[in-house]
Amino acid sequence: MSQQAQAAVLHDCRKTFADTLIALAREDERIVAVCNDSVGSSNLTGFKAEFPDRMVNVGIAEQDLVGVGAGLANGGLIPFVSAAAPFLTGRALEQIKADIAYSQARVVLCGQSPGFSYGELGPTHHSIEDLSWLRAVADLPVIVPADPLQTAQAVRWAAANPGPCYLRIPRTPVPDVTPPGSPFQQGKALRLTDGDDVTLIATGTMVSRALQAAESLRAEGIAARVLNVAFVEPLDTASVLQAAAETKGIVVAEEATVTGGLGAAVAALTAQHRPAHLRLLGVPRAFAPTGSTAFLLEYFGLTAVDIAAAARDIMAHARQ
Amino acid sequence: MLSVDHEQALRFRGERARLEGLSPGQAAPMLREIAQQLRRDDLRMIHRARLGHIGGDYSVIDILVTLYAAVLHVDPADPLAPERDRLVLSKGHTAGALYATLAYCGFFPRRELETFAEAGSPLNGHPNRVKVPGVETSTGPLGHGFPVAVGIALSARLQRSHRRTFVVLGDGELQEGSNWEAAMTAAHYGLSSLFAVVDRNRLQQGARTEETKALEPLADKWASFGWEVREVDGHDHAQLLDSFRRQGTARPVCVIAHTVKGKGVSFMEDRVEWHHKVPSDEELELALRELSA
């Protein structure tokens, strides 16, 4: 099957999340799910049917949700605390800081429907700030899988990890982008294509778009290196600095604000250790207008066309 | 990292075993003596560090002493034993009272109290779970401990364990909405192994609770949230012990402990400024004299 044909098949990572969690729960009775009236939206109906006692629903109460998760971990269980990302990370941010990260409670925070997943529901329901907020919290890995394979890897990694983490589960359908057999390691990016002209760093839903951009750039004779960064924290600093040294510049793309997410992390790192031409694609400090997910991604310049254009811009700048 | 003081832990186990066999009335004089000693330790810590929350420490310390010395099954030599009882101090600003109590149990040597709030000390102004053995969750921002305690009690239920969970709450803290989320969850799940102890000293940082944002009728609030309510004198060790020992029904239990902020030192009692005032050298001596009487 050609790459384009593969790209045409889109998957829902939520289903992989739920299936993997159920498989893990069958192997390990310490695994429990905690939600805030979000059994359906967290895709946990199957988990509840199979493990009714291990599904804790605290009702619509996110502060309680995260605190209860920390308490379950204190009791020796491995809670997957699942809620819509905007409410989990916004409403309960102080609980994430004090009860989870500062207490090193072994809780897997699962942010569902992140980014612009909720489209027309508006900025109250968008979760574009989560990467900025959680990057600011110490001792908390921030993980954004790009496709079903990485989602399964991330869920398994999180269950085995002795500390807490935040998993941002994509809702927007995505194609497969991870070659089978790829490793999944804390703080390691995955190089998807080689290239020494320009680097495209992407996370989550932006990874397939970066690959598409690399395809179109290749047709123009520009060799783009694509890095999939699933661990926004801790960042793969070696791969980023290598890209800064070996290519003419870096485009970063994320379905999140540019104030403190992956782009900001890459910018802070390279500015101090290996200054590079950068183009940071993401959401500026602006509330989104009304529109579907697809409309909003286009509106904020988060398409393959925009990523390719930013790469060309870097190449043009480098020639001057 | 702090670690167990084996000698003190041995002494604690001995006292704990003796208290176990006594009635609340018989145990009370011993508990009072421990509490007065810990008040003195705490006062010296705060005086040395030039910071702390002495008022709230003194309202809560009889509750903490009763629980650790005569109720909780904890082992300072094995602070993470899976079947231990849990105590969560949600009013984390009274860390001084907690540290003095944990040192009494032998979770770490008593001399460590001298490092309270010093640069690099594990004994921060608010307790941290990672640095201080015996601390179940890091607290400080109010309204955090109760949901965590609910999660702990839920874990015990899922594991069919008989271990018990106690959460100690400040009264002013109950103005945080997260507590009422937790109260609803505990009642919904029928967590009868969970005790919420309210340190009802009627003062918060700036003024009386009832002037700031009224809590009364407090017992009715808890009852209407589905809790069994017990009201006691929070400085009467016999009443406290009785209320903690008595098993509940199918519901979680709220013990409203009526206390006095600054209890034990005449010039601190029920005075709002002693929320976090630091005693002068002269006040230290005066207070120590009263606490030794």
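The sulfur of Cys13(A) lies 13 Å from the closest cysteine sulfur, which belongs to Cys110(A), and this is too far for a bond, a disulfide being defined as a pair of cysteine sulfur atoms within 2.5 Å. This is a predicted model, in which local features need pLDDT of at least 70 and side-chain atom pairs count only at pLDDT 80 or more, while totals for chains, interfaces and linings use all residues. Residues are numbered from 1 along each chain as its sequence is written, chains are lettered from A and ligands numbered from 1 in the order in which they are written, and side-chain values use heavy atoms, with hydrogens and water left out.

For Cys110(A), the closest cysteine sulfur is that of Cys165(A), at 7.5 Å, which is again too far for a bond. Over all chains, the structure holds 0 disulfides. Cys13(A) is buried, with a relative accessible area of 0%, and Cys110(A) is likewise buried, with a relative accessible area of 0%; buried means under 20% relative accessible area, computed with a 1.4 Å probe on protein chains only.

Turning to the strands (DSSP runs of E, at least two residues, numbered from the N terminus), chain A has an open sheet of 5 strands in the order β7-β9-β8-β11-β12, with mixed pairing, where two strands pair if DSSP finds at least two bridges between them. In chain A, β7 (190–193) and β12 (278–283) stand at the edges with a single partner strand each, so one side of each is left without a neighbour in the sheet. Strand β11 (residues 250–257) of chain A runs parallel to β12(A) and is joined to it by 5 bridges. Thr257(A) has Val283(A) in β12(A) as its bridge partner.

Conventions:
Helices (H or I, at least four residues) and strands (E, at least two) are DSSP runs, numbered from the N terminus. Buried means under 20% relative accessible area, exposed over 50%, partly exposed in between (1.4 Å probe, protein chains only).
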